[in-house]
Amino acid sequence: SVSSNSRKLLRKMTRQYIETGRLNAEFAQTKDCALEHLRVVSQLHQSRWNSKGETGCVATPCFEGFLGNLCTNLFDSGEWFSVVVRVDGQIAAGMIG
């Protein structure tokens, strides 16, 4: 577990990054942007699992296609969202759903 001092420091650093514009969240406003977020989040996911010598759940073209179809079919109705977090312009994290 993370100590309360570490959590406090992390909150302070996060506020500083946001206030200085070094950290920002980018929500998909278009279907093309959402598909790009999906691609990037999938790469981040795969990189994490590959670093542990494992394959991630989006390693198969079938599952990747499934997620792409979900995004394409659900975005316009507002049932799909995606966001990426950038730190100093580089994507550090993301979420799709």
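This is a predicted model: local features need pLDDT of at least 70, side-chain atom pairs count only at pLDDT 80 or more; totals for chains, interfaces and linings use all residues.
A charge is said to sit over a ring if NZ of Lys or CZ of Arg is within 6 Å of the ring centre and within 35 degrees of the ring normal. Residues are numbered from 1 along each chain as its sequence is written, and side-chain values use heavy atoms, with hydrogens and water left out.

**Figure 1. The charged end of Arg48 sits over the ring of Trp49.** The distance from this charged end to the centre of the Trp49 ring is 5.0 Å. Elsewhere, a search for ring pairs gives 1 aromatic pair in the structure. Rings of Phe, Tyr and Trp (for Trp, its six-membered ring) pair if their centres lie within 6.5 Å; planes under 30 degrees apart count as stacked, over 60 as edge-to-face and the rest as tilted.

**Figure 2. Strands β1, β2 and β3 are joined by antiparallel pairing.** Helices (H or I, at least four residues) and strands (E, at least two) are DSSP runs, numbered from the N terminus. Two strands pair if DSSP finds at least two bridges between them. Strand β1 (residues 23–27) runs antiparallel to strand β2 (residues 82–87), and 5 bridges join them. Strand β2 is also paired with strand β3 (residues 90–96), in the antiparallel sense and over 6 bridges. Val85 of β2 is the bridge partner of Ala25, and the bridge partner of Val85 in β3 is Ala93.

**Figure 3. Asp88 lies in the turn of the β2–β3 hairpin.** The hairpin has 2 residues between its strands. Asp88 has a positive phi of about 50° although it is not a glycine. Asp88 counts as partly exposed, at 46% relative accessibility. The side chain of Asp88 also takes part in a salt bridge, defined as a side-chain nitrogen of Lys or Arg within 4 Å of a carboxyl oxygen of Asp or Glu. The partner is Arg22, and the closest N and O atoms are 2.7 Å apart. Asp88 lies in the loop between β2 and β3 and Arg22 in the loop between α1 (4–19) and β1, so the pair ties together parts that are 66 residues apart in sequence. Arg22 is partly exposed as well, with a relative accessible area of 36%.

**Figure 4. Further salt bridges link Arg86 to Glu26 and Asp76 to Lys31.** Side chains of opposite charge can pair when their charged atoms come close. The whole structure holds 4 salt bridges. Between Arg86 and Glu26 the N to O distance is 3.3 Å. Arg86 lies in strand β2 and Glu26 in strand β1, so this pair ties together parts that are 60 residues apart in sequence. Arg86 is partly exposed at 24% relative accessibility, and Glu26 is partly exposed at 27%. In the bridge of Asp76 with Lys31, the closest N and O atoms are 3.0 Å apart. Asp76 lies in the loop between α3 and β2 and Lys31 in helix α2, so the pair ties together parts that are 45 residues apart in sequence. Asp76 is exposed, with a relative accessible area of 62%, whereas Lys31 is partly exposed at 24%.

**Figure 5. Helix α2 comprises residues 31–51.** The expected span of a helix is 1.5 Å times one less than its number of residues. Just after the helix, Gly53 takes a positive phi of about 75°. The buried residues of α2 are Ala34, His37, Leu38, Val40, Val41, Ser42 and Gln46. These buried residues pack against β1, α3 (61–74), β2 and β3.

**Figure 6. Leu38 and Gln43 are both found in helix α2.** Leu38 is buried, with a relative accessible area of 6%. Contact means heavy atoms within 4.5 Å. Leu38 touches Leu67, Gly68, Cys71 and Ile96, not counting residues up to four places away in sequence. Leu38 and Trp80 are 42 residues apart in sequence and 11 Å apart in space, C-alpha to C-alpha. Gln43 counts as partly exposed, at 43% relative accessibility. Gln43 and Ala59 are 16 residues apart in sequence and 9.4 Å apart in space, C-alpha to C-alpha.

Terms used:
Buried means under 20% relative accessible area, exposed over 50%, partly exposed in between (1.4 Å probe, protein chains only).
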